[in-house]
There are 2 protein chains.
Amino acid sequence: MALIVQKYGGTSVGNIEKIRNVAQRVLKYHEEGHKMVVVLSAMAGQTDGLVRLAHEISPQPDPRELDVLMSTGEQVTVALLAIAVQSLGYEARSLLGFQIPIHTDQLYGKARIYEVDTERIMRELERNRIVTVAGFQGLDEDGNITTLGRGGSDTTAVALAASLEADVCEIFTDVNGVYTTDPNVCPKARKMDFISYDEMLEMASLGAKVLQIRAVEFAKKFNVPIHVRSTFTEERGTMVVAETKDMEKVRVSAIAYNKNEARITIKKVPDRPGIAARIFEPMSKPEIVVDMIVQNTSEDGLTDLTFTVPRAEFHQAMKLVGEVAKEIGAESVLGDESIAKVSIIGVGMRSHAGVAQKMFRTLANENVNILMISTSEIKVSCVIDEKYTELAVRVLHEAFGLEDGPAREEW
Amino acid sequence: MALIVQKYGGTSVGNIEKIRNVAQRVLKYHEEGHKMVVVLSAMAGQTDGLVRLAHEISPQPDPRELDVLMSTGEQVTVALLAIAVQSLGYEARSLLGFQIPIHTDQLYGKARIYEVDTERIMRELERNRIVTVAGFQGLDEDGNITTLGRGGSDTTAVALAASLEADVCEIFTDVNGVYTTDPNVCPKARKMDFISYDEMLEMASLGAKVLQIRAVEFAKKFNVPIHVRSTFTEERGTMVVAETKDMEKVRVSAIAYNKNEARITIKKVPDRPGIAARIFEPMSKPEIVVDMIVQNTSEDGLTDLTFTVPRAEFHQAMKLVGEVAKEIGAESVLGDESIAKVSIIGVGMRSHAGVAQKMFRTLANENVNILMISTSEIKVSCVIDEKYTELAVRVLHEAFGLEDGPAREEW
């Protein structure tokens, strides 16, 4: 008898038939004696539709009101799932962010959970009820509705699993696990049985879209095992867990790519202390996340500074950077929206040299020019021209032998 | 400088363009220096759509979950109106039932408001913000969402107006006021400038659909003047107010009809004390509202009992009555779904005889058979065959001279 938190994404609850299927799946677990907490997203397309409505009225709708609007999507699905469970003869109760409550900060549209009350949920579970919980939403300390950002329901699920000390957090989605790379790009991509939190974090932040990055951070912090699996099959998916000894033998686990960034270069920046802080400070207010930053060695007291920002915030960033560049007396600002970031990821990488060189050589063999490089303990990322993305992913996947199962051989 | 509560119905906020129009109308008042609280319904058709979804899953969806589901409709419109107001350069803030809070009992689907906190709304108004309030919804003492029943947004508006001690409560709708009768049935129907709470209550309970009955009761109790008017014109509508001396001169103000009832007759009921209580008790549990009750004089210790129930609950009522009829040894139960109730209404009626007789005579002249009669201080209702409804309304409207303005002549 376990306490299980499950989360079903928008495609898994996209219509009445699918909601019925979710009810049946949840009840199978319930019948086995497990306590079930089920976190739902809005029906696929619903949230986008609501945001479109708001944008029909205003190009920049107020974030507070946008959250009030968007949070209705999950409210609909949790009520419908509760009704579906009840129609099969079991007790169920839906709970919204404000009813639990899920306490967040006040950053509308990308709020962070800082506490989840468990009392109300536990009370419902003790009455043998299945609890359906609206994902993606919380409550700030002034009683305003907040939302957690795209994919926020994953974070809701993991936060609940952590707070309730659940045995496992199952994330049901429309793919059957985490792949060594995007199967749409590389047909030889292989489903992984296990992946570590750190690897998954790199995958998520690189745009692998399977799990929201904050959900993985949460899971890592509280050591919540996540099982990523398909709503439409019974087969096991991928377990996201703390690192194991076995994992360390693997050099490269996966190839990720990200086409959602843009590159900005400031030419001939006066190279003096505090200048970087000066440049990036204006972007911190609107929370533009600057990703890779590369600064060349200085020449005549002038340096070139290059960095990447989310492509959606490229124009805003260019404007802010343009202003600050003028103030500090830089020569010019260049922008490039047609770039991509390709990365190799693996916890085993940290103890083995030669991985980065192999990556560079593989790309060079295909005449793919590397525009920027950044490394961490468990990944190497290269920014390249966007049009070479798919090619790069395929040749790297092959070079590191990922189609054959975990790449443990030496090279 | 007044405090004004306005309420806009579903057709008034049915699309983005209409929501923009509402924003402009509200801002005109705001510009004149008034404090504005705006209560909204869901977009027309939205609530029905949600209820249909629930019924696709279950023939009898759980009332608690239905309320969670339905309350999203108003959440959408209040957020969109706030965004629309903001896009015109003004401050606005949406508030949901749980945020105010609007405290209700726990009768899901037809909850009653017992208290409205004004502190949060007043705080927003003091900051010169326009407050948009989700109608139709409240919060019970366990923190569950409740809804107030069809037309509940009217009640929300009046309850807010009462609690905030507003100067007026304006109900914007798709008709431009309260008419002497249904203009679709009687082209000579005339818009009234004033109507008393009591008359309006009779109009509402008889199915005139302009205002929810509970809203009028609330308004009467707290003496809140209601202005019923059209969203689509600037002209004055109808003021619903306490009775005035002037009104008392009017015999009959309006003709109402209701096709939403059905008639049930229990034949040969043993006529002994407690028998009526025994018959109606089973219907009180599912809250079936029994309207007219007629009991004939007893013959051989047996009597016929006839009453009307909402047509939607006719089958349920027939089942319950059938069971109890058997228990008490009545002969049989007859039901008739094709009846209508036609009523004449007027506060002046109570001090003048002859009004009822005139009604009966008028119907008799057209060979309309009267099946049941009930009277109150300010109305006379006759149940007739449904097919004569329109005819009856037209001849009564003419007989009481309602097309010529308030009928003050003697007859």
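Start where helix H3 of chain A meets helix H4 of chain B: the two run roughly antiparallel to each other, because their axes cross at roughly 160°, and an angle over 145 degrees counts as roughly antiparallel. Keep in mind that this is a predicted model. As for handedness, H3(A) passes H4(B) in a left-handed crossing. On the H3(A) side the contact is made by Glu65(A), Val68(A) and Leu69(A). H4(B) answers with Gln75(B), Val76(B), Ala79(B), Leu80(B), Ala82(B) and Ile83(B).

H4(B) also pairs up with helix H4 of chain A, residues 72-87. Here the axes come within 10 Å and cross at roughly 175°, so H4(A) and H4(B) are roughly antiparallel to each other too. The contact uses Thr72(A), Gln75(A) and Val76(A) from H4(A), and Thr72(B), Gln75(B) and Val76(B) from H4(B).

Now zoom out to the whole interface. There, 27 residues of chain B are in contact with 27 residues of chain A. On the side of chain B that touches chain A, the elements giving two or more residues are helix H1 (16-31), helix H2 (46-57), helix H3 (63-70) and H4 of chain B. Which of them gives the most? That would be H4(B), with 10 residues.

Next, stay in chain B and move along to helix H6, residues 152-163. Its 12 residues reach 16 Å from the first C-alpha to the last, close to the 16 Å expected at 1.5 Å a residue. Is this helix enclosed or exposed? Since 11 of its 12 residues are buried, H6(B) is largely enclosed by the rest of the structure. Among the buried ones are Gly152(B), Asp154(B), Val158(B), Leu160(B) and Ser163(B). Just after the helix, Glu165(B) takes a positive phi of about 50°.

Further on, strand S10 of chain B (residues 194-196) holds Ile195(B). This residue counts as buried because it has 31 C-beta neighbours inside 10 Å, where 20 or more is enough. Leaving aside residues up to four places away in sequence, Ile195(B) touches Val178(B), Met200(B), Thr238(B), Val240(B) and Ser253(B). Another residue to look at is Ala242(B): 47 residues separate it from Ile195(B) in sequence, yet the two are 8.2 Å apart in space, C-alpha to C-alpha.

Finish at helix H11 of chain B, residues 314-328. At 1.5 Å a residue, its 15 residues should span 21 Å, and the end C-alpha atoms are 21 Å apart, which agrees. The buried residues here are Ala317(B), Leu320(B), Val321(B) and Ala325(B). What covers them includes strand S14 (261-270), helix H10 (275-284), strand S16 (302-310) and strand S17 (332-336) of chain B. Turn to the other side of H11(B) and you find Lys319(B), Glu323(B), Lys326(B) and Glu327(B), which are exposed. Just after the helix comes Gly329(B), with a positive phi of about 80°.

Definitions and conventions:
Residues numbered from 1 in each chain as written. Chains lettered and ligands numbered in written order. Predicted model: local features only at pLDDT ≥ 70, side-chain atom pairs only at ≥ 80, totals over all residues. Helix = DSSP H or I, 4+ residues; strand = E, 2+ residues; numbered from the N terminus. Expected span 1.5 Å × (residues − 1). Contact = placed C-beta atoms within 7 Å. Axes fitted to C-alpha atoms, helices over the stretch in contact; angles between N-to-C directions. Parallel < 35°, antiparallel > 145°, perpendicular 65-115°, else oblique. Left-handed = near helix turned anticlockwise from the far one by under 90°.
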